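These are my notebook entries on one protein structure. I set down each item that I looked up, with the cut-offs that apply.

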Amino acid sequence: MKPVVLLLHPPATISSAALRFSSKSHLRKRPLNISCFAVQSESTKVEVSSKPEYKPGMLDDFFLNLFRSKMVQEVGWDSEKPGYDGLIEVANRLTMKGKSNSDTIEASVRILIALFPPLLLELYRMLVSPIAGGKVAAIMVARVTAFTCQWLMGTCTVNSIELPDGSSCQSGVFVEKCKYLEESKCIGICLNTCKFPTQSFFKNQMGIPLLMEPNFNDYSCQFKFGVLPPLPEEDSILKEPCLEICPNATRRREVLNKMSATQCPKA
């Protein structure tokens, strides 16, 4: 009980000057504690809000050059621009070369097939795709896609999706903001050189159903390996209007003297 008494009634031997010094020291320490807490809180907010951006590496340059070389072989023409900008120009030429959208889709499928060694796709379809009703193959290609295709699409992650039987599976890939769509600025290029040929390639060449769901508002895209897509002619995505930044739509609005975007002429 003595410590309590001392706190309530300090003995006369303690001078008033010492009490004033102790009180001032105590007051000086409190703002320091509050200041440290504020700085810590601010730094925590910055750390949570910041997202790491994907930075291409040497392996990405290899994939870019390989993909572009196969596209150039199919088109028979190459751009003078280097890197990704040149790839987009070749993709534009690919859409103009075909007499129809079907021609462009078939040419894009041939490009994807040319990226793989002979017999590899057939062996995968025969030996891996049937395992566990196709779930093993779907999970594998989802991880490979997220690892090898960020140079083309930007930051993407593997996520869980719902399969037609109601079960969930880690066979999805979510693209935060597709670089290919952002740079091409065209829904027709997205659909006919990416979405439809990629869906066809995985289904027919690797035995894995794939549904791709691009979002033309925020440029994100959801890959769903193991989910059958609708027939191209029945896909509601064909009714999407052109992007406002689409150069083809801009020229079309100028010619027709219309302010609203119409269906993409390349879709």
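Is Lys185 buried or exposed, or does Lys185 fall in between? I found Lys185 to be partly exposed, with a relative accessible area of 31%. I note the scale: buried means under 20% relative accessible area, exposed over 50%, and partly exposed in between, with a 1.4 Å probe and protein chains only.

**Basis of the entries**

I record that this is a predicted model, in which local features need pLDDT of at least 70 and side-chain atom pairs count only at pLDDT 80 or more, while totals for chains, interfaces and linings use all residues. Residues are numbered from 1 along each chain as its sequence is written, and side-chain values use heavy atoms, with hydrogens and water left out.

**Overview**

I read 11 helices and four strands in the secondary structure of the protein. Helices (H or I, at least four residues) and strands (E, at least two) are DSSP runs, numbered from the N terminus. Of the 267 residues, 37% count as buried. I also looked up the contacts with a separation of 6 or more: residues 24 or more positions apart account for 55% of them. Contact means heavy atoms within 4.5 Å.

**Positive phi values**

I returned to Lys185, whose phi is positive, about 60°, although Lys185 is not a glycine. Most residues other than glycine have a negative phi. Lys185 is placed in the loop between helix H9 (179–184) and helix H10 (187–205).

I then looked up Leu119, which is not a glycine and has a positive phi near 75°. Leu119 lies in the loop between helix H5 (101–114) and helix H6 (120–128). Leu119 is exposed, with a relative accessible area of 60%.

**The sheet**

In what order do the four strands of the open sheet stand? I read the order as E1-E2-E4-E3, with antiparallel pairing. Strand E1 (156–162) and strand E3 (210–214) stand at the edges; each has a single partner strand, so one side of each is left without a neighbour in the sheet. The twist averages 25° from one strand to the next. Two strands pair if DSSP finds at least two bridges between them. Strands of a sheet pair through backbone hydrogen bonds, either parallel or antiparallel.

I went through the pairs in turn. E1 and strand E2 (residues 168–175) pair in the antiparallel sense over six bridges, and Val158 has Val173 in E2 as its bridge partner. Helix H7 (residues 135–148) packs on the sheet and touches E1, E2 and strand E4 (221–225). The direction of H7 makes about 20° with that of E2. Axes are lines fitted to C-alpha atoms, for helices over the stretch in contact, and angles run from 0 to 180 degrees between N-to-C directions.

Four bridges join E2 to E4, and these strands run antiparallel. Gly172 stands opposite Lys224 in E4. E3 and E4 also run antiparallel, joined by five bridges, and Met212 has Phe223 in E4 as its bridge partner. E3 and E4 form a hairpin with six residues between them. In the turn, Tyr219 has a positive phi of about 70°.

How many of the five residues of E4 are buried? I find that four are, and that E4 is mostly covered. H10 lies across E3 and E4, running at about 160° to E3.

**Aromatic rings**

I find six aromatic pairs in the whole structure. The rings of Phe201 and Phe202 have centres 5.3 Å apart and planes at 80°, so the pair is edge-to-face. Rings of Phe, Tyr and Trp (its six-membered ring) pair if their centres lie within 6.5 Å; planes under 30 degrees apart count as stacked, over 60 as edge-to-face and the rest as tilted. Phe201 is buried at 2% relative accessible area, and Phe202 is buried at 11%. Ring pairs link Phe116, Phe201, Phe202, Phe223 and Phe225 into a cluster.

**Helix H5**

I compared the span of H5 with expectation. At 1.5 Å a residue, its 14 residues should span 20 Å, and the end C-alpha atoms are 20 Å apart, which agrees. The expected span is 1.5 Å times one less than the number of residues. The buried residues of H5 include Thr104, Ile105 and Ala107. Helix H3 (58–75), helix H4 (83–97) and H10 are among what covers the buried residues of H5.
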